[in-house]
Amino acid sequence: MSRLGGFYGVAGITLLVFAGIAYYLTRVVSTYVFIHALLGLLAVIVYFASAKDSLGTFLGERSTKYGVNAALYSLIAFGVLIALNYLGTRYYHRFDLTEAGVYSLSPQSQQVVGSLDQELEIHAFVQAGADPQLEDLLTSYGYASERLSSTVVDPDTRPDLAERFQITTLPAIHLQYGDRSNVVTDISEEEITNGIIKVAQAEAKTVYFVEGHGEPSVDDTQQGQGYGQLKIALENEGYTVSTLVLSPDTAVPDDASVLVVAGAQRSLLAHETQAIDHYLKRQGHALFLLSPRVTPELSSYLANWGVEVGNDVIVDEQLQLLRGRTFTLTPVVTSYGQHPITAELGRQGGAALTSYGISRSVEPLSPPPPPEGGDGGGHAGLSLVSLAQTGPNSWAETDLEGIFQNQTAKIDEQDRRGPISLAVAVTANLKEMDAEQEGIARLAVFGNAMFANNQYLNQYFNRDFLLNTISWLGGEEELISIRPRTMRASRVQFTQEQGTAIFYLSVLILPEILLIAGLAVWWSRR
C-alpha cells in the first residue's frame with residue numbers, strides 16, 4: 001500500500017465523522033453534509049482499493065497496531081468529552097461577566113422565584129413557537145428556582161392549550177401556581193416577575209393614601225407632582241391602592257396593610273391625628289412623606305415615636321461639570337443605614353444613588369439611648385434607624401425665609417453640618433410603650449414628599465427605596481430588593497445566513513482543516 005493510499009483512509013474517516021457531527025447538530029442534510037459524506041466515502045473506497053493486496057501485511061505491522069491503539073485512545077477521549085458535555089447540560093453554573101449583568105435576573109426576580117413554596121408552571125405562547133430572547137429569559141428563571149418550569153408553545157399547533165388558558169393575544173405568558181393563575185402580555189422581566197408576585201400571593205394587601213389636605217392624586221399619571229406612577233408600581237407588586245378621608249366618624253380600616261400620609265399641604269385636624277395614632281397602636285404600619293414648612297402638627301406627633309422632624313431645609317453642595325461647586329436644594333444620597341429596607345441599596349455601594357426634591361431633616365430623637373440595632377431614640381420600646389444620609393458637605397439650613405424669599409443660603413452657627421439624615425425607620429414594641437394592645441408597630445418617616453411623585457419616582461434607585469419601604473411596612477420582606485430595570489447590552493444581530501456561516505466556520509470547518517492538516521503532517525513524518 002502506498003503512503004498516499006493510507007492517508008486516504010484517515011482523511012475519509014475524518015470527513016465521514018464531520019459529516020455525522022454536522023448532521024447531528026443541524027438535523028439537516030446540507031451541502032456540507034452531502035459533500036463530506038460523498039468525499040469521505042470515496043476516500044475510504046480508494047483506501048481499500050489501494051490496500052487490497054497489502055491489507056493483510058499492513059494489519060500485521062507494528063505501526064498498524066500503534067495506529068489502532070492511538071485510534072482507541074482517541075475514541076476513549078472523545079467518549080469522555082461526550083460524557084462531560086452530557087453532565088454539563090444537567091449540572092452547571094452560569095457566569096455573567098457583563099458589567100451590567102445583562103444575562104442575569106435582577107435580585108428581586110431571583111428572590112421572588114427563590115421563595116416559591118410550590119410548583120410554578122409557565123406556558124409562553126409565541127408566534128410559530130419560537131422566541132430566542134424569551135426562551136433565554138425563561139431559562140434564567142428556571143435556573144433560579146427548581147420549582148419553576150416553562151414551556152414555549154406555538155398556539156397554531158396547540159390550540160387546545162390556548163383555549164384552555166384563554167389566550168387571545170400573542171405573545172402571552174400563562175402562569176399557574178397551585179389553583180391560581182395569571183396571564184402576562186407585556187413580555188419583559190419586570191412584567192413577568194410582577195406576574196409571579198401576583199399569582200404567588202395568597203391575598204392582596206391594601207395601601208391607603210390619606211386625602212383631603214392637598215395631597216397629590218394617586219390617579220394622576222400625567223403631571224409631575226402626581227402619585228399615579230407610584231400607584232401603578234404598587235399594583236404591579238400585588239397591592240391594592242385606595243384613598244382614605246379621615247372624617248370624625250372614620251377610623252383607619254382594619255384591612256389597611258400600610259397607611260400613607262404623603263405630601264399634605266395643609267395641617268391634619270386633631271381627630272385625624274388621633275385616628276392615625278389609634279391605628280398605629282393597633283399594630284399599624286404607616287409611611288409619612290413630609291414637605292418642609294407644612295404640617296407642624298405631624299412633626300409634633302411623630303416626636304412621640306422618637307422621630308425629630310426639623311424645621312429646616314437640607315442644602316447640598318455638589319460638584320458639577322463646568323460650574324464647579326454649587327449649592328442645591330435637591331440633595332442626593334449614596335449613604336444608607338443598616339436596615340432591611342436599605343440592605344440591597346447598601347450592597348450596591350456608591351452606585352445606588354437616590355435623588356430628592358426640597359427636603360427637611362428627619363433624625364432619631366436625641367438624646368439617643370443605646371438600643372440594640374438602632375441609632376437611638378428617646379422612648380422605651382422604640383428602635384430607630386436613620387435610613388438615608390446626605391454627604392458631609394450638606395447642612396440643615398434654618399433660615400427658611402432666606403431660602404424661599406431671597407434664594408440665598410449660608411451655613412452659620414445655628415445650622416447643623418452634614419451628614420444630615422432625611423429618613424428614619426421606627427420599630428415600636430407596643431407593650432414596652434404601655435399601649436393598650438401588645439405587638440409591633442412600624443413607621444417610616446421621610447423629610448420629602450417629592451421623590452415619590454411621577455417626576456422623581458423612576459430616577460436612579462428612588463423606586464426601589466420607596467417600594468422596599470412599603471414592603472417592609474407591609475410585612476412583605478421577600479419583596480425587598482433591587483427591581484428589574486432596562487439594561488444596556490452590547491449585541492450584534494446576524495441574519496440566519498450569517499449565523500449559519502459562522503456556525504459552520506467556527507464549529508466544523510476550522511476544526512476540520514486543523515485536524516486534517518495535523519494528520520497530514522503526522523502521516524508524512526511517520
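User: In what order do the 4 strands of the open sheet come?
Analyst: The order is β2-β1-β3-β4, and the pairing is mixed. Two strands count as paired if DSSP finds at least two bridges between them. Helices (H or I, at least four residues) and strands (E, at least two) are DSSP runs numbered from the N terminus.

User: Which strands stand at the edges?
Analyst: β2 (148–153) and β4 (180–184) do. Each has a single partner strand, so one side of each is left without a neighbour in the sheet. Neighbouring strands are turned by 15° against each other on average, direction ignored. Axes here are lines fitted to C-alpha atoms, for helices over the stretch in contact, and angles run from 0 to 180 degrees between N-to-C directions.

User: Where do these numbers come from?
Analyst: This is a predicted model, in which local features need pLDDT of at least 70 and side-chain atom pairs count only at pLDDT 80 or more, while totals for chains, interfaces and linings use all residues. Residues are numbered from 1 along each chain as its sequence is written, and side-chain values use heavy atoms, with hydrogens and water left out.

User: Back to the sheet. In which sense do β1 and β3 pair?
Analyst: β1 (residues 120–125) and β3 (residues 172–177) pair in the antiparallel sense over 6 bridges. F125 stands opposite A172 in β3.

User: Which strands does α8 lie across?
Analyst: Helix α8 (residues 189–200) lies across β1, β2, β3 and β4, and runs at about 160° to β4.

User: And at what angle does α5 pack with α8?
Analyst: Helix α5 (residues 107–114) packs with α8 at about 30°, with their axes 10 Å apart. That makes α5 roughly parallel to α8. Angles under 35 degrees count as roughly parallel, over 145 as roughly antiparallel, 65 to 115 as roughly perpendicular and the rest as oblique.

User: Which residues make that contact?
Analyst: Q108, S109, V112 and V113 of α5, and E189, T193, I196 and I197 of α8. Contact means heavy atoms within 4.5 Å. The residues divide into 4 nonpolar, 3 polar and 1 charged. Ala, Val, Leu, Ile, Met, Phe, Trp, Tyr, Cys and Pro count as nonpolar, Asp, Glu, Lys and Arg as charged, and the others, Gly among them, as polar.

User: What about α6 and α8, at what angle do they pack?
Analyst: Helix α6 (residues 132–144) packs with α8 at about 45°, with their axes 11 Å apart. That makes α6 oblique to α8. L134, L137 and Y141 in α6 meet E189, I192, T193 and I196 in α8. By class, this contact has 5 nonpolar, 1 polar and 1 charged residues.

User: New topic. How many residues of β5 are buried?
Analyst: 5 of the 5 residues of β5 (residues 206–210) are buried, so the strand is largely enclosed by the rest of the structure. Buried means under 20% relative accessible area, exposed over 50%, and partly exposed in between (1.4 Å probe, protein chains only).

User: Which residues point which way from β5?
Analyst: T206, Y208 and V210 point one way, and V207 and F209 the other way. In a regular strand the side chains alternate between the two faces of the sheet.

User: Last one: is A128 buried or exposed?
Analyst: A128 counts as exposed, at 53% relative accessibility. A128 also has a positive phi of about 65°, although it is not a glycine.
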